[in-house]
Amino acid sequence: MMPLAHRRILLGVTGSIAAYKAVTLLRTLRAQGADVRVVMTSAAKRFVTPLTFEVLSGHPVVDNLFSDPSGLPHIRLPEEADLILIAPCTANRLAKYALGIADDLLSTLLLTTARPVILAPAMDGAMWRQPALMHHVETLRARGVTVLDPESGPLASGQWGEGRMPGEEAILSALRARLSAQRDWQGHRFLISAGPTREAIDPVRFLSNGSTGKMGYAIAEAAVQRGGEVVLVSGPTELLPPAGVEQVSVVSAEEMYQALSLRFPWATVLIMAAAVSDFRPRKPLSDRKIKKDQWNGEPLELERTPDILAALSAQRTHQCLVGFAAETEDVLRHGHDKLMRKRLDMVVVNRVGGSESAFGSETNDVFVLTKHGATVHIPRSSKRAVADRILDELHRINAPACTSEFLPSS
Ligand code: CTP
């Protein structure tokens, strides 16, 4: 696998002559598999045009707080990234960050995030040695920010000294170190269900629902990137399994039940994001396609499918259990009922139906209800960002209780 495969990097480019080096850095990050979004300051745009970064990143460059239709780019952008890298980082940018100044998009988004931050300073040697600047570097390092040391060599002033933007190898090695430290789910085994199920009426017709599987796949991707081992049991979807995830394809609720039951003793965490059909035809009406003129008006008799989550909850030994609730109204009350009834550690409550429906959307807006009575709102963001927040909350309440020490050997 490429070293930075599927890692999401927010690249901040500030107004230094070294901004041109951010172009080749972006190409290297992309070549290593990273998904990079670029934020430029207004000074950076005097050195390199946004178009260069747009073409190479495949995403629009965001350069001000007010250009985004969401209205909240300073919150959305860091939430959708695994790491923030500022390269080149000017003396001004470094000082603003240390002092908590928020007067443009890049400085403001740095104040909203707990994601790892790496700064690759570039400035004149005399500026780098200023006591004020050294003090800011110490402050930032003490707060957990990685401030790389600039390199020595010829500077833009024609002088020789320390102040050149660190080389690509130093930046990449810091990136890899910070990203691999984010493996808070290492040692855990995730069993995740996703997508709809299909309940056959005849060989060509079925009962199903509008789930696309995006939320479950996003959780699988987040879990594997945070160090977990992941088996994704998926109903029929258009999606490809995330890198590093083992996928088991199923069609009906019964097949999903069998696939999950088999692997349940292995798992430390079960996340039921699938929209399992609650009903199926009592018996498939025919082995052959029912021709419409053969149908003589008899009703389609339905029966309940197994409640997979409730059944596995009754068999749990050490697993953490997370359910989803798709509701059209009274979402918190129904979610709470499911938490109690199915004896879960957590329920993620979605609203479905209407223009804000979770089904098929790229974004989601959910409430997380925990067994300790907490209600956490995760405001609308990409499903991948919501997946990380769900795993953050689950880690907070439950990770210590289902560590591998408690597991039977696999
Ligand atoms: N679920 C399941 N097996 C089913 C139906 C649902 O495991 N046959 C799981 C879903 O994957 C989800 C949770 O149960 O994690 C809640 O599903 P939902 O259908 O919303 O809830 P129900 O408990 O079936 O209640 P209701 O249909 O009354 O809303």
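This is a predicted model: local features need pLDDT of at least 70, side-chain atom pairs count only at pLDDT 80 or more; totals for chains, interfaces and linings use all residues.
I started with Pro-88 and found it in strand β3 (residues 83–89); strands here are DSSP runs of E with at least two residues, helices are runs of H or I with at least four, and both are numbered from the N terminus. A cis peptide bond, with omega about -5°, joins Ala-87 to Pro-88.

Residues are numbered from 1 along each chain as its sequence is written, and side-chain values use heavy atoms, with hydrogens and water left out.

Next I looked up His-6, which sits in the segment before β1 (8–13). His-6 is not a glycine, yet its phi is positive, about 65°.

Then I turned to the helices. I found α1 (residues 19–31) and α2 (residues 50–57) packing at about 10°, with axes 10 Å apart; the axes are lines fitted to C-alpha atoms over the stretch in contact, and angles run from 0 to 180 degrees between N-to-C directions.

Which residues of α1 meet α2? I listed Ala-19, Ala-22, Val-23, Leu-26, Arg-27 and Arg-30 in α1, against Thr-52, Phe-53, Leu-56 and Ser-57 in α2 (contact means heavy atoms within 4.5 Å).

I noted a ligand oxygen 2.7 Å from a side-chain N or O atom of Lys-342, and one 2.8 Å from a polar backbone atom of Leu-309.

Methods
A polar contact is a pair of N or O atoms within 3.5 Å; within protein, one must be able to donate a hydrogen and the other to accept it, and residues adjacent in sequence count only if both atoms are side-chain atoms.
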